[in-house]
Amino acid sequence: MLVASLFVKEIDIFQLWRFNSLGIQDSSEQKTKEQLHKASMQHVLRTVKVDEEERFLISLPWLDNHLPLPDNFNLAFKWLQVTTHKLKKENLFKEYGDVFKEWKREGIIEEVPKEELKSVSHYLPHRHVVKLNSTTKIRPVFNASSKQRGAVSLNDCLEKGLYLIELILSMLARFRLHRFGVSADIRKAFLKISLYEQD
């Protein structure tokens, strides 16, 4: 017997009475979600290519008529100050900096040219996550949902796609179909994807 549980999200009492919290959705609502997912997949497939460094290059799936992203330098700078304080307090400042130095060596990140520093930009604040039993003890996590009061975040401007975590249970159950199960991981998978310059 296989018993599995997946905690998707915290819901308040009002949401418990809604059918979709039980996995039941209005067919018209489901169709719209599927159409949006299909459109965003077509966008990715239409814009994806391999660049001269043999990395995937994609264009972000921007929502139609989204509000403009604000210049959030001050917000990101405050996050950086808080993160720096925590890192120094936890004696992890050097290790965290080493991650960015390695990314720079590998061409994952690059320094912003001085002439571009004064242009209106949207920054992704980041913080550290520590996993002692992992091959990567410390890693940066970027927050694309951060926003200033009355403004939009990057996540607010992008098509979300399907909520893929709901597929984990069926994937785990398929491991019981055959004698051997194999899993693999691509090293720094998301860091191997580049964005078009306009994004």
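Mentor: Helices (H or I, at least four residues) and strands (E, at least two) are DSSP runs, numbered from the N terminus. This is a predicted model, where local features need pLDDT of at least 70, side-chain atom pairs count only at pLDDT 80 or more, and totals for chains, interfaces and linings use all residues. Residues are numbered from 1 along each chain as its sequence is written, and side-chain values use heavy atoms, without hydrogens and water.

Buried means under 20% relative accessible area, exposed over 50%, and partly exposed in between (1.4 Å probe, protein chains only). Beyond its neighbours within four places in sequence, Tyr96 has contacts (heavy atoms within 4.5 Å) that include Leu87, His126, Ile138 and Pro140.

Now for the charged side chains. A salt bridge (a side-chain nitrogen of Lys or Arg within 4 Å of a carboxyl oxygen of Asp or Glu) joins Asp98 to Lys94 at 3.0 Å, N to O. Both lie in helix α4, 4 residues apart, about one turn. Asp98 is partly exposed at 30%, whereas Lys94 is exposed at 61%. Another salt bridge, at 3.8 Å, pairs Lys137 with Glu95. Lys137 sits in the loop between β3 (126-130) and β4 (138-142) and Glu95 in helix α4, so this pair ties together parts 42 residues apart in sequence.
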